[in-house]
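Here is a short note to read alongside the model. Please keep the structure open and follow the points in order.

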Amino acid sequence: LISLVAPTSHDRIHKIAKEAEGFLYVVSSLGVTGTRQSIQTDLDAMVQAIRQANPDIPAAIGFGVSNPSQAKEMADLSDGVIIGSAIIKLIDQYQDQAEQPIRDFTRSIVQAIK
């Protein structure tokens, strides 16, 4: 079970982080999942609260991360980045030919994070 911390979790972050196992999924923004042009949540404060509550649990940010610059920003704040919808869009766009576009996209993400 992977626990989630949302931007509305405020007072519950400590309890969620203390009980988390594996890693903690930090939801980057409110609303439905999908790619976003920008991420406005104060994620640094959320990740710091998680680390204070449980320094041993990795925190990975996801939900709306859709390009290399966002991935870099999220990687600088956390222990990991979760990207789903952007990859699903590539699969939808390229169908059976999606392998290379996905490789190119993920390569660009890795390069940005390094």
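**Notes on salt bridges and helix packing**

1. Start with D104. Its relative accessibility is 41%, so D104 counts as partly exposed. The model is predicted, so keep that in mind throughout.

2. What does D104 pair with? D104 forms a salt bridge with R107. The closest N and O atoms are 3.7 Å apart, and the cut-off for a salt bridge is 4 Å. Both residues sit in helix α5, which covers residues 99-113. They are three residues apart, or about one turn of the helix. R107 is partly exposed too, with a relative accessible area of 47%.

3. Now step back to the whole chain. The protein has five helices and four strands. Read from the N terminus, the order is β-α-β-α-β-α-β-α-α. Of the 114 residues, 39% are buried. Look also at contacts between residues at least 6 apart in sequence: 51% of these join residues at least 24 apart.

4. How many salt bridges does a search of the whole structure find? The search finds four.

5. Look next at K72 and D76. Their side chains meet in a salt bridge, at 2.9 Å from N to O. Both residues belong to helix α3, and because they are four residues apart, about one helical turn separates them. How exposed is each partner? K72 has a relative accessible area of 30%, so K72 is partly exposed. D76 has 52%, and the cut-off for exposed is over 50%. D76 is therefore exposed.

6. Compare that with R51 and D79. These side chains also form a salt bridge, at 3.2 Å from N to O. R51 lies in helix α2 (residues 43-53), while D79 lies in the loop between α3 (68-77) and β4 (80-81), so the pair ties together parts that are 28 residues apart in sequence. R51 is partly exposed, at 30% relative accessibility. D79 is partly exposed as well, with a relative accessible area of 48%.

7. Turn to helix packing. Two packed helices are described by the angle between their axes and the distance between the axes. Take α4 (residues 85-94) and α5: their axes come within 9 Å and cross at roughly 155°. That angle makes α4 roughly antiparallel to α5. The crossing is right-handed. From α4, the contact uses A86, I87, L90, I91 and Y94. From α5, it uses P101, I102, F105 and T106. What kinds of residue are these? Eight are nonpolar, one is polar and none is charged.

8. Helix α5 also packs against α3. Here the axes are 8 Å apart, and the angle is about 45°. How are the two helices oriented? α3 and α5 are oblique to each other. The crossing of α3 past α5 is right-handed. P68, A71, K72 and A75 in α3 meet S108, I109, A112 and I113 in α5. This contact divides into six nonpolar residues, one polar and one charged.

9. Finally, follow K72 on the model. K72 takes part in the salt bridge with D76. K72 is also one of the α3 residues in the contact with α5. Then trace α5 itself. Helix α5 holds the R107 and D104 pair, meets α4 through residues including F105, and meets α3 through residues including I109.

Terms used
Residues numbered from 1 in each chain as written. Predicted model: local features only at pLDDT ≥ 70, side-chain atom pairs only at ≥ 80, totals over all residues. Heavy atoms only, no water. Buried < 20%, exposed > 50% of the residue type's maximum accessible area, 1.4 Å probe, protein only. Axes fitted to C-alpha atoms, helices over the stretch in contact; angles between N-to-C directions. Parallel < 35°, antiparallel > 145°, perpendicular 65-115°, else oblique. Left-handed = near helix turned anticlockwise from the far one by under 90°. Contact = heavy atoms within 4.5 Å. Nonpolar A, V, L, I, M, F, W, Y, C, P; charged D, E, K, R; others polar.
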